[in-house]
Amino acid sequence: MPFREFTEIIAGCNTRFMRGGSGQPLLFLHGANGAATWLPFMEALSGRYDVIVPEHPGFGASDMPEWLDNIGDLAFFYLDVIDHFGLSDVNLVGQSIGGWVAMELAVRNDTSLASLILNAPPGIRIPGLRKPDIFLWSPEETVRNLFHDQSFAEHVLAQPIDDAQQMVILKNRLTTAKLAWQPRLYDPDLEKWLHRIATPTLILWGEQDKVIQPGYGPKLAGLIPGAISETFADCGHLPQVEKADEYVARVSRFIEEVAR
Amino acid sequence: MKFYFMHLMPYADLDLDYDKDYNSAWITLPNSYYDPKKGHVLYNRYLDELEYADQLGFDGVCVNEHHQNAYGLMPIPAVTAGALSRRTKNVKIAVLGRALPLLNNPLVVAEEFTMLDNITGGRLIAGFVRGIGAEYHAWGVNPAESHGRFHEAHDLITRAWTETGPFHFEGKYYDFEYVNTWPRPYQQPRPPIWIPSQGSSETIEWAAEPSRKYTYLQTFTPVAMLAKYMQMYKDVAEGYGYEASEDQLGWSVPVYVAETDEIARREAKPHIENFLNKFLRMPKEMLLPPGYLSLKSMMGVMKAKSSIGSQQTIDSVMEKGMFICGSPATVREKLEQYQTEIGFGHLLTLLQFGTLPAELTRKNMEIYAKEVIPYLREGAGAKIAAGA
């Protein structure tokens, strides 16, 4: 499916979108590394859904708005995005920090959502289960720790990085720090209100995730009513990349089951 | 020109082989490497050295602030300055710290500085910094808020010193119903403010602004960079419509002076190299967390062939003028040349560095105080000393 690239001003923030396919809307919220390119899993999902991929305010080609202070700001922003495009029955899919934003959105207002799919989201704290310090990782360590199958990491590391891409990497890292440095990758208030999520929820985790430990999956499943927690074998932090076919199949199946 | 003795108070007894197991002397190096019995001896030795600077006729002593490291044992510089405030009689005491963004309540700085200023009868110089990047790992403060918190804390503290309290302070990061600092500063309207920096055009623009005219202090940089930033300050001041005085420009540099060039180099070599390669050692991610520098500055760092983490030698830092080392004549000549060319009014010398032991530190201090300072006071620097 062809996709289009465009920008929209929403909440005063010039925001970059990629959008392709048709059907029920599927809004994908990216993680700390942004969403610069239309990836194979997006292409595959666009065969069934209207796939909408924004770059969060403060990431990639989107502006850094004055109002952006914390993860809750992004949650309200995406409620504005849903209103802006007049979306309903949205399948909200969030990767990592994008999954955290999705949960924050859903506790505030999930009336526009058909399903909620969370890939390895941070957002809560399990005492004693300390997340690794992603901010002390070198660029190479970061790439390596994202994947279980190191051939993916080798592929990424072999790509040359030009100045514009380097600037995006630094910008994404800055906004990630802004949102997640302190408290580190969680919102102390989120856990208290996860019971408000009435949307059918699927939680996905790579069993070898080195960024956010898979142990967070069952805990979240216990906090979000009716949530299902599943894992991918031999998979790191990005199942949609490392296990793209299986990921697309599982996500599509869940959306269809929910719709029935 | 005014002469200051600066001390970093390193944990000089550090097991220097630590780097076989750890990649930094900061943050992640276990504090089991610290022996309190040795630390007790070092603290008292270093305080003695700072007090000795008063007796040797330095114009000031400088203490600073860093957290969770072997590089400098002065996490709370008010303790160091407090100890010095009664044992020294003449020197200015410059606290270079405090790292304002690290604080949940910056009024603590307003208070500790005014206490020091009152106790010493106005010998305090107030330093305001953001801290180095590692501090944000050590204290968990969000580096993306570093600039915002610094400016707001600065406004709060200077208003607490200069406005009649109580007043209400309304900020983004800090909001206080009652700002009413007791004691008030001894120096009126406030103590001199110094802004140490490793070089930043944003900092210079801010410090040189006519309502501030703060002393900009360039720390541990090649002399070419020193010249560039000092000129930048002068140009910015000119843009604001005034001429920057030498009192607004300072330089902080390690110095080692001995009987001859050869002796100086031989005696200083292992200790300055330990300072560079062991005590300053940290990965780039620790030194420069996201937000600590502007994106533009970070791009510059990423593109520059960085010396962070690479081994440095006494020769490489001497060549760049980051370390002044030699006989009294050599050191005088270099400092006089730099002062004449660049025109700074405050010279902060680090006469103990890394593992430099007590006896060599004393010898360095004595030769510097007797054979370098008087010459520069009478010579090139005399016009500034008279004017300041």
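Contact here means heavy atoms within 4.5 Å. With that in mind, welcome to a set of close-ups of a predicted model.

**View 1. Where chain B meets chain A.** The contact draws 20 residues from chain B and 18 residues from chain A. Chain B and chain A bury about 1,700 Å² between them, with 71% of that area on carbon and sulfur atoms. On the chain B side, the residues that lose the most area to chain A are B:E285, B:P290 and B:L295, and together they make up 35% of what that side buries.

View 2. Which residues form a salt bridge here, between B:K172 and its partner in chain A? The partner is A:D69, and the closest N and O atoms of the pair are 2.7 Å apart. The rule finds one salt bridge across the interface of chain B and chain A. It also finds six residue pairs in polar contact across this interface, both residues being at pLDDT 80 or more. On the chain B side, the elements that give two or more residues are α4 (134-139), α9 (284-287) and α10 (295-303) of chain B. Of these, α10(B) gives the most, with six residues.

**View 3. The eight-stranded sheet of chain A.** This open sheet has mixed pairing, and its strands follow the order β1-β2-β4-β3-β5-β6-β7-β8 (chain A). Why is one side of β1 and one side of β8 left without a neighbour in the sheet? Both β1 (3-10) and β8 (228-232) of chain A stand at the edges with a single partner strand each, so one side of each has no neighbour there. On average, neighbouring strands of this sheet are turned by 20 degrees against each other, direction ignored.

View 4. Strand β3 (residues 25-29) and strand β5 (residues 90-95) of chain A pair in the parallel sense over four bridges. Look for A:F28, which stands opposite A:V93 in β5(A). Helix α2 (residues 71-84) of chain A packs on the sheet and touches β1, β2 (13-20), β3, β4 (50-54) and β6 (113-119) of chain A. The direction of α2 makes about 115 degrees with that of β1(A). Helix α8 (residues 216-223) of chain A also packs on the sheet, touching β7 (201-206) and β8 of chain A. Its direction makes about 170 degrees with that of β7(A).

**View 5. A salt bridge between two helices of chain A.** Over all chains, the structure holds 28 salt bridges. One of them joins the side chains of A:E154 and A:R144, at 3.2 Å from N to O. Because A:E154 lies in helix α5 (residues 150-158) of chain A and A:R144 in helix α4 (residues 139-146) of chain A, the pair ties together parts that are ten residues apart in sequence.

**View 6. Backbone details in the loops.** As background, most residues other than glycine have a negative phi, and most peptide bonds are trans. The peptide bond from A:Q182 to A:P183 is cis, with omega near -10 degrees, and A:P183 is found in the loop between α6 (163-180) and α7 (190-193) of chain A. In chain B, a cis peptide bond joins B:Q188 and B:P189, with omega about 0 degrees. B:P189 has its place in the loop between β6 (175-179) and β7 (193-197) of chain B. B:I27 has a positive phi, near 65 degrees, and lies in the loop between β1 (2-6) and α1 (36-55) of chain B. Phi of B:K213 is positive too, near 50 degrees; this residue is in the loop between α6 (201-208) and β8 (215-219) of chain B.

Note on methods
Residues numbered from 1 in each chain as written. Chains lettered and ligands numbered in written order. Predicted model: local features only at pLDDT ≥ 70, side-chain atom pairs only at ≥ 80, totals over all residues. Heavy atoms only, no water. Buried area = accessible area lost by both parts, 1.4 Å probe. Salt bridge = Lys/Arg side-chain N within 4 Å of Asp/Glu carboxyl O. Polar contact = N/O pair within 3.5 Å; in protein donor to acceptor, adjacent residues only side chain to side chain. Pairing = 2+ DSSP bridges. Axes fitted to C-alpha atoms, helices over the stretch in contact; angles between N-to-C directions.
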